[in-house]
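My entries follow in the order I made them.

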Amino acid sequence: MSILVYGAGGLGLYFSARLAQAGQEVILKARSDAALRSKNEPVSITGDGSTEEVHGIRVVDSLEGTQADAAIITTKAWQVEDAARDMSAVLPPDAPVLTTQNGIDAPTRATAFLSNDQVFASTVVVIAERTGPLDVRTIGSEASLTVGSPAEQPASRASELTSDLTAAGISVTWTEDIAAALWKKLALICSYGGIGATLDANVGQTREDTRARGLVTTAMSEVFSVADAEGVTLTESDFSDDMNIYLNGFSAQTTSSMHRDLLAGRPSELEDQVGAVVHRAQRVGVATPVLDLVYASMAPREAQARRNP
């Protein structure tokens, strides 16, 4: 099967490398500098102290003249709609397309140009950092994905793509309630990521400070309250899972990608993460004072980054 990976950030490079290593035909949509370098350089993936060169990945800066049987969108959340528009011309109408973005709106954005039945959403757990146009560094375990269909399609509709991911060493779990999975991940990202960005503190620093840890806990509770008002079922066990990841699962130096982007003056996913929650909270009448503060404190920095990308 030919798989289009759209976006050559850390996650896109990671998926491309692992799928190619498993023998899949991979087309990686990247920027022109990466496409140009790929004529002479392979994709490299570094982890556990070793670096592997992965050959055979077709890196392109245009989809003109390409065809694929399935696709994975690995762009930033606000780029999903443009990616879906671009790939709609090169995919069969029944080709499965997997979104991987943090937040809850990426699947809906993809259906602006793709059919509801072909769009599948996922939550992704992996640390994959892009260190060069064709270079990615991983930390810790291989990726694990929770996959589901917002349109309530059966798992069999995406089975060829998920089987290929599994064969590439990536753990895939199917869920019948992908909305709950997306909100649960969003609660984790918004809380530790939002407070970390506001305080410019890593996970270890917010865990050690009682007041900061309390803010993370409250922010997480606020996301759960908004999800409940939106009709999404999350449980006390889900909350405990998120808190356990924050308190025990992350290394002390962990920061969110939103935090790192804001700190570097790059456009971030603030609107797609914290913004998505606070705007919905206003519509459904749920109070989110901590997340409101996070959003208000970060919005000027985000606006500046958007003016000077």
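I began with strand S3 (residues 43-47), which is joined to S4 by five bridges, the two running antiparallel. Strands pair here if DSSP finds at least two bridges between them. Helices (H or I, at least four residues) and strands (E, at least two) are DSSP runs, numbered from the N terminus.

Before going on I noted the ground rules. This is a predicted model, in which local features need pLDDT of at least 70 and side-chain atom pairs count only at pLDDT 80 or more, while totals for chains, interfaces and linings use all residues. Residues are numbered from 1 along each chain as its sequence is written, and side-chain values use heavy atoms, with hydrogens and water left out.

Back to the hairpin. Thr46 stands opposite Thr51 in S4. Two residues lie between the strands of the S3 and S4 hairpin, and Asp48 has a positive phi there, near 55°.

I followed the chain onward to Ile57, in the loop between strand S4 (50-54) and strand S5 (58-60). Is Ile57 buried or exposed? Ile57 has 12% relative accessibility, so it counts as buried. Buried means under 20% relative accessible area, exposed over 50%, and partly exposed in between (1.4 Å probe, protein chains only). I also checked Ile57 against Pro300: they are 243 residues apart along the chain, and their C-alpha atoms are separated by 40 Å.

**Around S6**

Next I looked at strand S6 (residues 70-73). Ala70 and Ile72 point one way, Ala71 and Ile73 the other way, and all are buried.

Which strands pair with S6? Strand S1 (residues 2-6) runs parallel to S6 and is joined to it by four bridges. Here Ile3 stands opposite Ala70. Strand S7 (residues 97-99) also pairs with S6 in the parallel sense, over three bridges. In that pairing Ile72 faces Leu98 of S7.

S6, helix H3 (residues 80-87) and S7 make a right-handed β-α-β unit. A crossover is right-handed if, with the strands pointing away from the viewer, the path from the first strand over the helix to the second runs clockwise.

The loop between H3 and S7 holds Pro96. Pro96 counts as buried because its relative accessibility is 9%. Pro96 and Asp117 are 21 residues apart in sequence, and their C-alpha atoms are 8.3 Å apart in space.

I took H6 as the reference helix. The axes of H6 and H9 come within 10 Å and cross at roughly 40°. Axes are lines fitted to C-alpha atoms, for helices over the stretch in contact, and angles run from 0 to 180 degrees between N-to-C directions. H6 and H9 are therefore oblique to each other. Angles under 35 degrees count as roughly parallel, over 145 as roughly antiparallel, 65 to 115 as roughly perpendicular, and the rest as oblique.

What is the handedness of the H6 and H9 crossing? It is right-handed. A crossing is left-handed if the near helix is turned anticlockwise from the far one by less than a right angle, and right-handed if clockwise.

I repeated this for helix H12 (residues 289-307): its axis and that of H6 come within 10 Å and cross at roughly 45°. That makes H6 oblique to H12. The crossing of H6 and H12 is left-handed.

**Salt bridges**

How many salt bridges does the structure hold? I noted 14. A salt bridge is a side-chain nitrogen of Lys or Arg within 4 Å of a carboxyl oxygen of Asp or Glu.

One of them joins the side chains of Lys184 and Asp238 (3.4 Å, N to O). The pair links distant parts of the chain, with Lys184 in helix H6 (residues 178-199) and Asp238 in helix H9 (residues 236-249), 54 residues apart. Asp238 is buried, at a relative accessible area of 15%.

Arg280 and Glu230 also meet through their side chains (3.8 Å, N to O). Arg280 lies in helix H11 (residues 271-284) and Glu230 in the loop between helix H8 (210-229) and H9, so this pair ties together parts 50 residues apart in sequence. Arg280 counts as buried at 15% relative accessibility. Glu230 is partly exposed, with a relative accessible area of 35%.

Asp261 is buried at 7% relative accessibility, whereas Arg266 is partly exposed at 42%.

Last, I noted a network: salt bridges link Arg18, Glu52 and Glu142.
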